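Q: Hey, I'm new to this one. Can you walk me through a couple of spots?

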Amino acid sequence: MARDLKLTRNIGIAAHIDAGKTTTTERILFYSGVSHKLGEVHEGGATMDWMAQEQERGITITSAATTVGWKYKDKQYHVNIIDTPGHVDFTVEVNRSLRVLDGLVFFFSAVDGVEPQSETNWRLANNYKVARLGFVNKMDRSGADFLNVCKQVKEMLGSNAVPLQLPIGSEDTFKGVDDLVSNKAMVWNEADKGMTFTEIPIPEDMLEDTLKYRENLLEAVADYDESLMEKFFDDPNSISETEILNALRKAVLDMKIVPMLCGSSFKNKGVQTMLDYVMELLPSPLDKDDIVGINPDTEKEVTRKPSESEPFCGLAFKIATDPFVGRLCFVRSYSGILESGSYVYNTRSGNKERISRIFQMHANKQNQIDSLQCGDIGAVVGFKDIKTGDTLCDEKNKIVLESMDFPEPVIGYAIEPKTQVDADKMGIAIAKLVEEDPTLHVHTDQETGQTILRGMGELHLEIIIDRMRREFKVEINQGAPQVAYKEALTKSTEHREVFKKQSGGRGKFADIVFELSPREDEKLGLEFENKIVGGVIPKEFIPSIQKGFEEAMKNGVVAGFPVESMKVRLFHGSFHDVDSDALSFELAARQGFKEASKNAGAKIMEPIMSVEVVTPEEYTGPVTGDLNRRRGMMKGMDTKMGAQVIKAAVPLSELFGYVTDLRTITSGRATASLTFSHYEFVPANLAETIVAKVKGTAVSK
């Protein structure tokens with residue numbers, strides 16, 4: 001029997017590291033009857049943190065999906081939940097999860113408020129237009145302040161955060177909430193781990209605040225519904241709970257209001273109420289616009305409605321390797337039904353893929369199902385070639401959905417196998433890990449022959465190397481971390497390149513005249529303009545010239561680092577009837593790039609990180625002094641909960657081992673968050689050192 005799509009929710013849980021996302025997901029599994037024991041992160045027993053590395057470190061590394069049923073207002077809801085990591089090195093997991101989710105519960109710590117990774121994830125959610133609720137967790141902790149966090153969400157994240165609850169008590173005495181929608185107070189019952197609550201009269205000392213914040217709530221929703229606006233001015237008390245919820249739902253779906261709730265997941269308080277509000281306010285697949293894509297055959301826009309009668313289309317958003325069932329591909333279905341044993345068309349590869357089995361995921365366990373329903377999230381096996389971001393659709397009704405953009409890696413390690421047996425295993429391990437993680441790049445250094453593994457940060461690569469050892473039994477040696485430098489052109493130059501080779505018999509000849517310059521737009525890659533007229537270079541050789549420039553970009557002229565973006569305008573040249581061929585023109589382009597780059601002001605660029613340090617006031621001087629010594633640019637200072645917040649932009653090359661040094665300077669009392677910000681030109685004196693080092697490495701090898 002088909003499920004009612006109105007009762008389906010695809011939600012994610014996102015936040016800065018350590019805000020309690022996984023603990024909350026464990027509570028949801030317990031309350032919904034999926035698990036009969038509360039899994040605790042600090043004990044390494046969380047269901048959703050199933051990887052050995054996650055259990056040891058107490059952090060989430062890979063986004064885990066699960067499905068639960070939730071009863072609300074006598075209706076049974078089908079909820080797909082994705083628990084995402086909070087650590088900046090694993091932002092890719094949040095990125096790809098948000099691409100396929102309809103709604104998001106955004107977590108904040110009641111003590112720490114809005115933190116750096118909260119801002120990164122919030123921007124991603126804005127980018128993918130995901131409606132969200134705010135949940136302020138850890139209300140039982142010392143220094144918890146719900147209204148202050150709501151204020152930060154408003155000011156720092158630029159959103160209309162509206163409290164729907166006020167906490168009764170705080171810190172040790174936090175025991176319930178005053179619900180501003182129903183205008184009732186409730187206290188959770190400790191005896192059944194917060195499963196049930198008791199209604200109590202609104203405490204006397206809260207009546208004034210309740211009136212004030214309820215009025216704020218009514219005003220926010222009245223702004224969104226004209227009929228409520230009249231009632232609001234005539235008699236605010238005449239607005240019913242149903243009217244408030246209906247207007248609030250519309251505002252949440254339009255991303256005009258972020259309702260704020262509070263609780264303490266660890267103490268089993270507030271999770272069920274939050275889930276009730278998820279069912280009430282967050283969108284079902286039917287509330288989202290029809291999905292828009294491109295027909296690859298006609299290049300025209302096509303749409304799909306979230307309906308089972310439409311042809312199937314879905315997006316592959318994650319590939320994972322399971323020791324028992326092999327390669328799993330996580331798919332969000334947008335229209336139609338996918339039956340197990342049927343075929344789908346992959347628009348990237350142009351091939352048909354047979355889907356042998358379909359699973360509903362529960363962390364790293366699978367429940368086999370017969371079909372993937374419209375609007376649902378599941379995992380499929382049996383495919384040969386599916387990558388993250390591929391569109392899977394019906395062969396007779398092709399569609400390409402918008403994929404995902406992933407950040408470029410900023411740090412690398414040179415790795416080498418310890419023995420020949422490890423060498424064979426290493427190739428297999430790397431191929432599988434790169435397939436799973438689009439932010440992991442691998443290349444072989446042409447001059448040294450080393451394999452360079454590049455990722456988003458030291459922790460990211462540590463985990464990857466640890467997984468190679470444990471899962472794939474590969475023993476490797478790793479070098480010191482290397483910064484992922486790039487090269488960029490700073491001015492334009494015109495150049496003529498004549499490629500000639502005569503070696504008896506048929507020779508090689510190509511002649512091209514082009515302008516090489518930086519791109520004017522912000523985009524990456526090669527912008528290639530073909531301005532050849534009158535057939536001075538035959539049409540069939542143009543793609544080879546473009547290919548030559550694209551290949552040449554992989555090794556810049558200053559120190560061999562890749563050139564991320566440039567523009568080439570090809571406007572003249574000549575060819576030889578006998579000696580010219582595609583390869584001659586490709587080699588001419590490669591050679592031409594090397595020569596022209598010297599006059600195009602090529603410079604080295606380095607990754608700059610946003611650093612935010614929270615430190616007791618007495619260490620402000622030593623911390624800022626240390627950041628200045630690391631070529632840091634101060635971006636501002638602030639106070640938060642009695643501590644100093646220091647913000648700076650610091651080159652990544654100066655930050656290796658920074659967290660350890662910071663602990664030493666502040667006797668372990670400061671914390672730091674490092675987030676990739678942008679690339680910047682390296683100062684001339686340092687550029688010379690980098691070039692000398694690179695050339696020295698090449699010579700010594």
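Predicted model: local features only at pLDDT ≥ 70, side-chain atom pairs only at ≥ 80, totals over all residues.
Q: Ok, which residues of helix 8 are buried?
A: Ile244, Leu245, Ala247, Leu248, Arg249, Ala251 and Val252. Buried means under 20% relative accessible area with a 1.4 Å probe, protein chains only. Helices here are DSSP runs of H or I, at least four residues, and strands are E runs of at least two, numbered from the N terminus.
Q: How do helix 8 and helix 9 pack?
A: At an angle of about 80°, with axes 9 Å apart. That's why they count as roughly perpendicular, a label for 65 to 115 degrees. Axes are lines fitted to C-alpha atoms over the stretch in contact, and angles run from 0 to 180 degrees between N-to-C directions.
Q: Which residues of helix 8 meet helix 9?
A: Leu245, Leu248, Arg249, Val252 and Leu253 meet Tyr277, Glu280 and Leu281 of helix 9, with contact meaning heavy atoms within 4.5 Å.
Q: Switching topic: is Ser580 buried or exposed?
A: Buried, because its relative accessibility is 6%. Ser580 sits in the loop between strand 33 (565–574) and helix 13 (582–599).
Q: What lies 2.7 Å from a polar atom of its side chain?
A: The backbone oxygen of Phe509. The backbone nitrogen of His576 lies 2.8 Å from a polar atom of the Ser580 side chain.

Definitions and conventions:
Residues numbered from 1 in each chain as written. Heavy atoms only, no water. Buried < 20%, exposed > 50% of the residue type's maximum accessible area, 1.4 Å probe, protein only. Polar contact = N/O pair within 3.5 Å; in protein donor to acceptor, adjacent residues only side chain to side chain. Parallel < 35°, antiparallel > 145°, perpendicular 65-115°, else oblique.
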